[in-house]
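Trainee: Could you walk me through this one? I'm new to it.

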Amino acid sequence: MFKARIIVTGATGKTGSVVVSELLRASYPVRAMVHREDRRSARLKALGAEIAVADMSDVERIAAALKDVQRAYYCPPFDPYMIQGAVAFAVAAREARLEHIVGMTQWLASPSHWSLLTRQHWLADRLFSMLPGVAHTILNPGFFADAYFVTMGLAAHLGLYPWIFGDSRNAPPSNEDIGRVAAAALMDPVRHAGKSYRPTGPKLLGAAAIGEAIGRALGRSVRVVPTPTWMFMKGARLAGYPIELMSGVRYYIDDHKRGAFELGAPTTDVLEVTGRPAEDFETIARRYAQFMVAPISPGFNFDRYDRELRAPFPAEPWFAPESGIWRREHIITDAVKPAPGREPRPSASRRVPA
């Protein structure tokens, strides 16, 4: 029986590698698109994937990578020029006459969000949905579970778990569940075309529940410690996280505090699409262990980054729960409002880059 050839972008990443493995297990021919050949791409090749090396914004290489391909998992790189790559991919997808794109986006995606990348995700979603003759399925997860393991090392070594999200909650999904949802959608375009899925974990969890789950996974008592965002950012810089990533994360932390990830969660999308229940947070926690410290050192200079980027900025930026467009597109009624007592909107210095 003929099986469509499927290209997976970001194939060595957190979800892309899972998509590749799931498709190969189901005997689909897979072309794994990677930024460079390394040990990770070699592992995918050993599993049976064909390797294509291409930068997402290189139209000619993207077009070559999509030759003889029928379906695609589009997982964009997290960089300020993501929309350029999305346009390049859309041009190549139409020329290749793709039949189906499963696109990774964000639960927060909206046109006037504070984050440049989140605004670009919203545009890319619309771009792919307008491609004639190409079915489009959206994956829009919120905070992944592994985001809560960045400071897990402190819990492992000191019994302290920093918490930067106030009294808000989330039902975080695993990378594996997100990848399995994407793979299942790619295998059955007719069923999933035009749909939007939000993979989540099975239960909403706050600081105490997440701390307890991490403690059980580590086999020790763990105390949750409320931590200011600036201290977390210093640790992130020391650990080598790129400023283009953390420039968006600073806003996502505020969204989290405002309850953006509580709205509409948890979902049953993982079970309904894959036939398997979503992994619980403690199961996921047992797979992770990282150590990060935050000594006295300079933090990110976000104001300078914004000035140097010179990116367009909304005249009236909003966090997701405050955006009328976001609430309408996510079917959030006025009767469902973010919990009171959230932090105020950012200061004027964070509104419009000079």
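Predicted model: local features only at pLDDT ≥ 70, side-chain atom pairs only at ≥ 80, totals over all residues.

Trainee: Okay, how many residues does the largest nonpolar core have?

Mentor: That core has 63 residues. A nonpolar core here is a set of buried Ala, Val, Leu, Ile, Met, Phe, Trp, Tyr and Cys residues joined through side-chain atoms within 4.5 Å. Buried means under 20% relative accessible area, exposed means over 50%, and partly exposed is in between, using a 1.4 Å probe and protein chains only. The residues with the most contacts inside the core are Leu66, Phe89, Leu98, Ile101, Phe149 and Phe281.

Trainee: Which helix gives the largest share of this core?

Mentor: Helix α4, residues 82-96, with six residues. Helices (H or I, at least four residues) and strands (E, at least two) are DSSP runs, numbered from the N terminus.

Trainee: And what does Leu66 touch?

Mentor: Leaving out residues up to four places away in sequence, Leu66 touches Ile7, Arg31, Phe89, Ala92, Ala93, Ala96 and Leu98. Contact means heavy atoms within 4.5 Å. There's also a second, separate core of 29 residues, which includes Tyr73, Phe144, Ala184 and Val270.

Trainee: Switching to rings: how many aromatic pairs are there?

Mentor: The count comes to 19. Rings of Phe, Tyr and Trp (its six-membered ring) pair if their centres lie within 6.5 Å; planes under 30 degrees apart count as stacked, over 60 as edge-to-face and the rest as tilted. One of the pairs is Phe143 with Tyr148, which is edge-to-face at 6.1 Å centre to centre, with 65 degrees between the planes.

Trainee: Are those two buried or exposed?

Mentor: Both Phe143 and Tyr148 are buried. Phe143 also pairs with Phe165: their centres are 5.5 Å apart and their planes at 85 degrees, so that pair is edge-to-face.

Trainee: Where do Phe143 and Phe165 sit in the chain?

Mentor: Phe143 is in the loop between β6 (135-139) and α6 (152-158), while Phe165 is in the loop between β7 (160-163) and α7 (175-187). Phe165 counts as buried because its relative accessibility is 6%. One aromatic cluster includes Phe143, Tyr148, Phe149 and Phe165.

Trainee: What about helix α1, is it mostly covered or mostly open?

Mentor: Mostly covered: eight of the 10 residues in α1 (residues 16-25) are buried. Among them are Val18, Val19, Val20 and Glu22. What covers them includes β1 (6-8), β2 (30-34), α2 (39-47), β4 (71-74) and α7.

Trainee: Now the backbone. Which residues are joined by a cis peptide bond?

Mentor: Ala265 and Pro266, with omega about -5 degrees. Pro266 is in the loop between α11 (243-257) and α12 (269-274).

Trainee: And what's phi like at Arg97?

Mentor: Phi of Arg97 is near 60 degrees, a positive value in a residue other than glycine. Arg97 is in the loop between α4 and β5 (100-104). With a relative accessible area of 75%, Arg97 is exposed.

Notes. Residues numbered from 1 in each chain as written. Heavy atoms only, no water.
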